[in-house]
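Let us walk through this structure step by step. Keep the sequence and the 3D view side by side as you read.

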Amino acid sequence: MDDSLPDHVDVVIVGTGLPEAILAAACSRSGLSVLHLDRNPFYGENWASFNLNTLDEWIGENKKELSETTVSESIKEKIQADESYISFGDNRQIFDLEKQWTEDSATEKVVKNKDGEETTSTYRAIIEKEWRRFSIDITPKILLSRGTMVQTLCDSEVSKYAEFKCVNRLLCFCDGDKKICRVPYNRSEIFETDQLSFVDKRRIMKFMQFCLEWSKNQDEMKDWKEFADKSFSEFLATVHNLEGSTQRFITDAIAILEPNPTTLTGLQAVCRFIDSVGVFGPSPFLYPLYGCGELPQCFCRLCAVFGGLYALHLQVDGIILKENKVVAVVAGGQRVNCDHIITSPRYAPKKFGTLSGELVDRAILVTDDTILKEEKEQISILSLASISPPQCAARLFEAGYESCLAPRGYYLSQLTGARRDDKNYLKEVEEKLYDSEDSPRVLMRLRFASAAGSFQYSEESPTNFAVLPPPNVKLDYSDVIISSRELFTKFWPDRDFLPRGLPTVE
Amino acid sequence: MTLTNDDDGEKPITTLKILIIGESGVGKSSLMLRFVDDTFDPEQAATIGVDFRVTSMLVDGNRVKLAIWDTAGQERFRTLTPSYYRGAQGVICVYDVTSRSSFEKLEHWFSEVDTYTTKGDAVKMVVANKIDMAGREVSREEGIKFAKRHRTLFIEASAKTKEGVQCAFEELIEKILQTPGLWENDRPAFRLGQNTARQDDGYCGC
Ligand SMILES: Nc1nc2c(ncn2[C@@H]2O[C@H](COP(=O)(O)OP(=O)(O)O)[C@@H](O)[C@H]2O)c(=O)[nH]1
Ligand SMILES: [Mg+2]
């Protein structure tokens with residue numbers, strides 16, 4: 001077996017997060033040679049999913065002090081007289097990590113062993129024994145049935161590497177935030193729900209009809225333009241008589257793709273929602289079986305099928321420059337010449353720029369039950385807009401055994417929200433949700449914040465070097481496809497981005 | 001039991017996911033192409049563009065669909081994705097009888113299978129490939145001993161001469177079908193872009 005890297009490739013991509021994986025697939029698919037590297041031993045960087053054991057390893061890695069990079073003699077030998085060298089960055093992406101097993105996890109539970117005998121065991125012991133059954137997303141998101149991610153997956157045929165399920169429950173608070181209830185997805189669910197009065201049902205249906213027409217010819221429609229930049233709630237109340245918890249159905253849930261909307265962005269969000277309803281089922285939202293960490297791996301596989309070369313758990317040293325252009329990387333002690341280098345924010349040398357500094361707060365809970373019991377296990381999104389500042393875009397995603405995220409009988413409850421004014425609002429929200437008598441037992445809790453925002457290039461950044469964005473707070477994946485495609489067409493304007501109809505790989 | 005590759009248009013009772021793993025160059029892609037297409041290309045350099053192949057078999061009168069997954073070259077630096085292993089019912093671990101190191105690396109591949117396969121009882125098989133070649137470095141006995149220790153099936157084969165190839169797949173499939181619960185799907189999900197998409201009741205009813 002040959003362990004050496006090639007002398008030259010067209011593109012070196014560093015970091016195997018989702019945007020990097022999409023770009024690697026696009027490059028490889030269009031005939032460019034790709035070398036895809038990562039310091040981590042796993043795929044996906046901050047877009048990965050972990051089981052309980054690999055989660056602990058990840059926590060350990062992210063708590064380590066970052067060491068200063070040094071330039072060794074062997075690297076210096078690889079640099080020509082007219083070239084310069086700069087080390088890859090090792091920029092921290094995960095902050096404020098804390099993990100704990102709760103007091104409840106020490107509670108004893110009666111379980112049956114293999115021979116059917118009853119023994120007792122603590123929740124923690126039961127869960128830890130099933131460590132492989134967990135798939136914990138660092139960045140949980142959903143796919144819109146008719147969104148750009150699904151389109152790209154289908155066109156590129158990456159879709160054949162993954163399976164999906166519908167997010168079958170959309171929930172929000174009703175009755176003055178005291179109760180959680182189900183938001184109807186479509187016309188028949190609206191008529192069936194007992195959460196709405198007959199009058200309100202008529203009003204919602206009328207509003208939906210308005211949105212459908214609006215999506216076709218908004219320019220000719222009346223009664224909205226004067227509200228375009230004003231708050232969506234005001235528009236709903238004034239023009240459509242939608243108020244109180246009926247209004248919240250729209251603002252918190254149906255328009256969940258655009259938290260804190262204006263009338264214009266709110267209407268756009270509702271239209272994107274409606275457009276995706278009924279494609280794969282009543283729900284407009286899809287979720288990958290085994291978690292979101294599957295997606296980067298699927299794109300990496302496509303890259304590999306077209307000849308892309310993968311090396312993980314590798315020392316990724318630095319970049320060789322000549323006349324302010326990148327000409328090579330040094331990795332695993334070897335020099336690989338290349339025409340372009342694309343990295344995730346982790347690897348960007350500070351001299352070439354930094355992230356704008358936003359943070360996304362996350363909380364991951366292992367619970368023994370769902371937040372809203374029904375006969376069958378559900379995959380749910382709960383909008384937290386009414387119990388947190390709207391700018392936070394806070395929501396909860398809950399799934400379990402049926403999505404291959406947790407052992408049978410247990411749930412993962414994943415909270416996400418943008419940090420505003422240096423405050424982690426999720427903590428309060430979590431307490432509200434899980435502190436009452438009859439709420440599910442929280443057994444394990446992990447909290448952290450992840451770097452978001454956009455990469456701000458410095459003047460010194462070479463033109464054939466680029467950094468892809470970190471995960472943002474948005475619920476769906478559209479932005480990820482847009483930014484990856486943008487960068488691809490900037491570097492290779494004559495090439496198609498993951499075009500439809502693969503050449504058959506026979 | 002009868003096994004044929006003929007397609008009689010019958011609806012398959014199940015689709016099985018079969019993986020072929022092992023070191024680079026041991027003949028994984030060649031074994032797959034020999035089995036599915038009955039071809040062998042001695043010039044086959046790095047395996048670019050081989051993804052997975054679908055074929056079917058008749059087992060005791062029942063049609064069984066097989067999706068056989070190649071590594072897509074990701075084994076070169078031992079960077080197969082966990083997602084590659086998901087849902088696999090059968091794993092073929094290949095070594096090259098003319099390469100001692102490829103045999104010694106089997107331990108690594110077995111531990112990867114144990115870590116990542118989601119079905120605890122997935123059936124494993126060791127295939128000793130390239131028995132047509134001179135310069136053998138691993139004896140048949142050693143291969144059998146290894147397979148015994150790991151309680152797996154074992155077969156010697158050559159993708160070049162066909163020897164053992166059909167037999168290897170047949171034995172594996174047979175064992176999978178005999179393992180209760182292994183091939184029934186308990187958590188139904190769907191793939192995008194297939195005919196699963198159905199137009200449901202939307203808001204417009206149009
Ligand atoms: N003589 C001989 N050569 C083989 C056999 N199987 C594969 N090869 C050759 O070994 C090389 C590597 O095979 P390949 O299928 O690409 O290996 P992979 O990397 O494991 O997929 C190719 O040159 C094949 O032609 C075999 O059974 N006998
Ligand atoms: Mg191969």
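Chain A contains 13 helices and 25 strands. Helices (H or I, at least four residues) and strands (E, at least two) are DSSP runs, numbered from the N terminus. This is a predicted model, in which local features need pLDDT of at least 70 and side-chain atom pairs count only at pLDDT 80 or more, while totals for chains, interfaces and linings use all residues. Residues are numbered from 1 along each chain as its sequence is written, chains are lettered from A and ligands numbered from 1 in the order in which they are written, and side-chain values use heavy atoms, with hydrogens and water left out.

Start with the overall form of chain A. Its C-alpha trace spans about 80 × 70 × 50 Å along the principal axes.

Now look at what is covered. In chain A, 58% of the 506 residues count as buried. Buried means under 20% relative accessible area, exposed means over 50%, and partly exposed lies in between (1.4 Å probe, protein chains only). Chain A exposes about 21000 Å², and carbon and sulfur atoms supply 45% of that area. Accessible areas come from the Shrake-Rupley method with a 1.4 Å probe; for residues, only the protein chains shown count as cover. Take the contacts (heavy atoms within 4.5 Å) between residues at least 6 apart in the sequence of chain A: 74% of them join residues at least 24 apart.

Helix H5 of chain A covers residues 148–156. Its buried residues are A:Met149, A:Val150, A:Thr152, A:Leu153, A:Asp155 and A:Ser156. Among the elements that cover them are helix H1 (18–29), helix H11 (294–305) and helix H13 (478–491) of chain A.

Most residues other than glycine have a negative phi. A:Asp96 is not a glycine, yet its phi is positive, about 50°. A:Asp96 sits in strand E5 (residues 94–101) of chain A and counts as partly exposed at 45% relative accessibility. A:His313 also is not a glycine and has a positive phi of about 50°. A:His313 lies in the loop between strand E14 (309–311) and strand E15 (316–322) of chain A. At 60% relative accessibility, A:His313 counts as exposed.

Which cysteines does a disulfide join? A disulfide links A:Cys174 to A:Cys181, with 2.2 Å from S to S. A disulfide is a pair of cysteine sulfur atoms within 2.5 Å. The structure holds one disulfide over all chains. A:Cys174 counts as buried at 5% relative accessibility, and A:Cys181 counts as buried at 2%. A:Cys154 is in no disulfide; the nearest cysteine sulfur, that of A:Cys298, is 12 Å away.

Turn to chain B. It has six helices and seven strands. From the N terminus, its elements run β-β-α-β-β-α-β-α-α-β-α-β-α. Of its 206 residues, 53% are buried. B:Cys93 is one buried residue, with a relative accessible area of 0%.
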